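Hello,

Here is the structure I promised to pass on. My notes on its aromatic side chains follow below.

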Amino acid sequence: MMMMRSVGGGILRRGRTLLVASSRVSHLPPTLPLPLPLQRQSSTSLPHISSPFTSLRFLSSSSSSSAAAAPKKKVSADDKLRKVIQSEIECAESDNAQHQVVLPGNFPFQILDNPGEQTITLKRDIAGETILVEVHSPNMYDDEEDDDDDDNQSDNDDNSDQFTISLTVTVLKGDGPRLEFSCTATPDQISIDTMLIKDPDAAAAAAAAASLENQILYEGPEFSDLDENLQKAFYTYLEDRGIKSSLTNFLQEYMNDKENREYLTWLKSMKEFVEK
């Protein structure tokens, strides 16, 4: 009986198990047949798998799109630069129109003004001589000094904007030697800094010989070391050829006007480059 129960129990257990399993299956809702299109789709399509290559593909596409957008920023920056340059051109043209330089009466020199150069040359032929004056741009400086005296202080304020102009004056007599002065022009005077006499042919030969021997050519004494009467005579020599202190204010005005004209030309060249 015990064996039969055990065997029977086992059979019953297996039967119960089957019965329970069958009962569990019997309680599930019946499986409906899938529509034909869904069955085909499920049999042919693969399940979606997140892959790192997919994200890389999206990253590369986004980076390429951002790279394609870079030229738009460049074009925008160029357009902004062009507008700023155009505005500056209009301001410079307005300033030039308001400041017209007028030659003083009986101006004895011809003005040689080459666009694009920082200097101008004044030229004059007189009594068989050719006078050339190379004029540089003015150097502005503030000459205001501390002074406890109010009157002196006000005088300094009136003359606070000072300038100097470097001049190179050359006196030529034919093809021979030439006399050259290095001068500094201020609102009140023209002072001689150095002077020397040059022979173009002899100077070239002497310079070549001196360079071989590492020698320095003698160019005369310092002008300030000359006798006072000799210095005065050289100043009179230049004044007779038109190098006078009355030139300095005109030269400052003219060189400032030239600076504005050169700046305007530079702006227009820059605009043409940006617009290409």
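A search of the whole structure turns up eight aromatic pairs (rings of Phe, Tyr and Trp, the last by its six-membered ring, with centres within 6.5 Å; planes under 30 degrees apart are stacked, over 60 edge-to-face, the rest tilted). Phe250 and Tyr254 make a tilted one, 5.9 Å centre to centre with 45° between the planes. This is a predicted model, where local features need pLDDT of at least 70 and side-chain atom pairs pLDDT 80 or more, while totals for chains, interfaces and linings use all residues. Residues are numbered from 1 along each chain as its sequence is written, and side-chain values use heavy atoms, without hydrogens and water.

Phe250 and Tyr254 are four residues apart in helix 7, so about one helical turn separates them (helices are DSSP runs of H or I, at least four residues, numbered from the N terminus). Phe250 is buried at 7% relative accessible area, and Tyr254 also counts as buried, at 13% (buried is under 20%, exposed over 50%, partly exposed in between, with a 1.4 Å probe and protein chains only).

Arg261 lies over the face of Tyr254, 5.7 Å from the ring centre (the cut-offs are CZ of Arg, or NZ of Lys, within 6 Å of the centre and within 35 degrees of the ring normal). Arg241 sits likewise over Tyr237, at 3.6 Å from the ring centre. Tyr237 belongs to a cluster linked by ring pairs, together with Phe181, Phe223, Phe234 and Tyr235.

Helix 7 (residues 248–275) also holds Tyr263, which is partly exposed at 32% relative accessible area.

Best wishes

How values were computed
Helix = DSSP H or I, 4+ residues; strand = E, 2+ residues; numbered from the N terminus.
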